[in-house]
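Subject: Structure for your review

Dear colleague,

Please find below the structure that I am handing over to you. My notes on what was found in it follow directly after.

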Amino acid sequence: MDKYKRLLSNTAILGLGTFGSKLLVFFLLPVYTEFLTKSEYSMSDIITQTANLLMPLISLGISDAVFRYTLDRSTDRREVLTTGFVINILGIMLLLALYPLIGSIEYFGGYMWLIILYTFTANIHSLFAQYIRARDMTTFFAVQGLIATFITVALNIIFLVIFKLGVPGYVLSTIIADVVVSVMIFRLVRLDYAIRPRFWNPVLVKNMLSFSIPLIPTTVFWWITNVADRYMVKGVLGDDINGLYSVAFKIPTMLILLSGIFIEAWQFSAVTEQNLSSRRSHAAFFGTVFDSFQGMLYISAAGLIAFSKIFATILFADDYYPAWQYMPLLIAATVFSSLVTFMGSVYLVDKKSVLSFVTSMIGAVVNLLFNFLLIPTKMGANGAALATFISYFVVFIIRAVNTQKFIRFDLHEQKLVINTVVIGLQTVFMIFELPGWIFVQIIGVIVIFLINCKPIINGCLKMLKRI
């Protein structure tokens with residue numbers, strides 16, 4: 001199959017499944033903001049984000065290795081999955097052994113049991129999902145995500161609206177969905193035939209861990225860059241402000257969703273096409289895809305920034321409306337977060353996990369430094385948003401230079417600079433509501449669209465013609 005056609009096909013399938021499912025959760029924002037107080041929303045976010053931190057720590061990041069090594073035709077995928085499953089079980093046993101020590105931490109309001117449950121079920125679901133994704137079961141991968149979301153949405157409505165369970169209801173909805181979908185994958189793909197003691201291969205275990213373990217601090221550093229600011233906002237400014245800041249993240253999540261759908265398809269293509277084409281052809285493939293990808297990001301970001309207030313009015317309860325003021329900077333930060341992830345695909349192709357670790361560490365240090373400097377100032381929570389933007393921008397610059405050593409592809413620098421300046425102006429005019437801010441938003445959206453639409457349209461037309 002032509003590499004562009006394959007990329008479009010996988011992106012379309014993942015898009016139909018993932019975008020449709022996540023859109024359901026997005027439109028539950030009025031439910032969350034109506035039936036959870038700002039303090040409860042803050043605690044729910046802290047629980048899920050803490051679990052996200054623990055997931056790679058107790059599993060040794062093995063899901064990433066399962067995806068990468070299942071793609072290698074030279075390895076037995078049954079051995080790969082067995083390795084991932086056993087390491088996950090050992091990890092949760094360790095966490096349970098530590099529960100007497102960590103179960104009474106007051107910061108988590110007595111919800112450590114929820115954090116442990118969430119961590120274990122999410123890890124198993126991630127393991128099985130990455131395995132079927134690597135086996136090119138793209139449609140099933142998308143469908144299982146859609147089913148998980150439908151279950152989460154249904155249980156959210158039942159637990160929050162009908163039974164008024166608050167924080168436990170919010171978190172248990174996701175836990176139950178992960179369990180149901182994991183069992184479904186296990187039965188339908190007959191993973192019982194792939195997970196057997198005889199498939200435990202010590203040599204493969206060593207190789208997989210040598211790939212995944214350097215990614216653990218990488219994941220932790222990205223967690224710091226993405227989430228640590230919420231802990232600091234909670235500590236410095238209180239639960240109510242953190243509740244507003246946390247809900248403001250939901251709009252940039254739409255941009256993360258769009259880029260995430262593409263990145264999942266792109267990573268598969270980037271790895272599989274590596275050995276099927278020359279180095280020059282592979283670099284041209286990267287350059288063409290990057291041009292369209294960054295264009296999609298900037299067009300989406302320009303629109304989201306321009307309509308920040310409207311989204312807040314429609315999707316948030318009245319008490320949460322002030323959250324709009326944090327959205328523009330977070331949206332701009334998300335653009336560079338997605339660009340950084342694209343650059344990380346170069347490290348994935350060449351298995352340069354150490355470089356991924358080093359660059360993410362730099363981002364985390366920059367983020368923490370600016371959080372400490374900016375949050376206590378008059379900027380408040382917007383200081384945290386600015387710190388996030390700066391850290392992703394710095395990492396993008398480093399990776400843009402460094403990845404050229406491995407795959408020298410066209411970054412379209414001039415277009416990147418213009419795009420960044422335009423959304424920067426949109427962000428400043430929107431946050432401070434400077435004179436003419438509405439006019440600047442309209443012009444910004446038009447300029448961004450005109451600059452970026454051509455490669456996207458041409459690329460889609462070429463791929464559709466091939467199909």
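**Helices and burial**

Helices are DSSP runs of H or I with at least four residues, strands are runs of E with at least two, and both are numbered from the N terminus.

Please note that this is a predicted model, in which local features need pLDDT of at least 70 and side-chain atom pairs count only at pLDDT 80 or more, whereas totals for chains, interfaces and linings use all residues. Residues are numbered from 1 along each chain as its sequence is written, and side-chain values use heavy atoms, with hydrogens and water left out.

Helix 16 covers residues 327-349. Its end C-alpha atoms are 33 Å apart, which agrees with the 33 Å that 23 residues should span at 1.5 Å a residue. The expected span is 1.5 Å times one less than the number of residues in the helix.

Helix 11 (residues 215-237) also has 23 residues. From its first C-alpha to its last it reaches 32 Å, close to the expected 33 Å. A kink of about 50° is centred on valine 227 in this helix; the bend at a residue is the angle between axes fitted to the seven residues ending there and the seven starting there. Helix 11 is mostly covered, with 17 of its 23 residues buried. Just after helix 11, glycine 238 takes a positive phi of about 100°.

**The chain as a whole**

The secondary structure of the protein consists of 20 helices and zero strands. Of the 467 residues in the protein, 57% are buried. The accessible surface comes to about 19,700 Å², and 70% of this belongs to carbon and sulfur atoms; the areas come from the Shrake-Rupley method with a 1.4 Å probe, and for residues only the protein chains shown count as cover. Among contacts (heavy atoms within 4.5 Å) between residues at least 6 apart in sequence, 83% join residues at least 24 apart.

Leucine 127, in helix 7, gives an example of a buried position, with a relative accessibility of 0%. Leaving aside residues up to four places away in sequence, leucine 127 touches Ser63, Val66, Leu81, Gly84, Phe85 and Asn88. Serine 63 is 64 residues from leucine 127 in sequence, yet their C-alpha atoms are 5.0 Å apart in space.

**Positive phi in loops**

With a relative accessible area of 35%, aspartate 136 is partly exposed.

**Salt bridges**

Side chains of opposite charge can pair when their charged atoms come close. A salt bridge is counted when a side-chain nitrogen of Lys or Arg is within 4 Å of a carboxyl oxygen of Asp or Glu, and by this rule there are seven.

One of them joins arginine 78 and aspartate 76, at 3.0 Å from N to O. Arginine 78 is partly exposed at 34% relative accessibility, and aspartate 76 is partly exposed at 24%. Another joins aspartate 192 and arginine 190, with the closest N and O atoms 3.1 Å apart.

In a further salt bridge, the closest N and O atoms of glutamate 433 and lysine 309 are 2.2 Å apart. Glutamate 433 lies in the loop between helix 19 (413-432) and helix 20, and lysine 309 in helix 15 (residues 308-315), so the pair ties together parts that are 124 residues apart in sequence. Glutamate 433 is partly exposed at 40%, whereas lysine 309 counts as buried at 17%.

With kind regards

Key: Buried means under 20% relative accessible area, exposed over 50%, partly exposed in between (1.4 Å probe, protein chains only).
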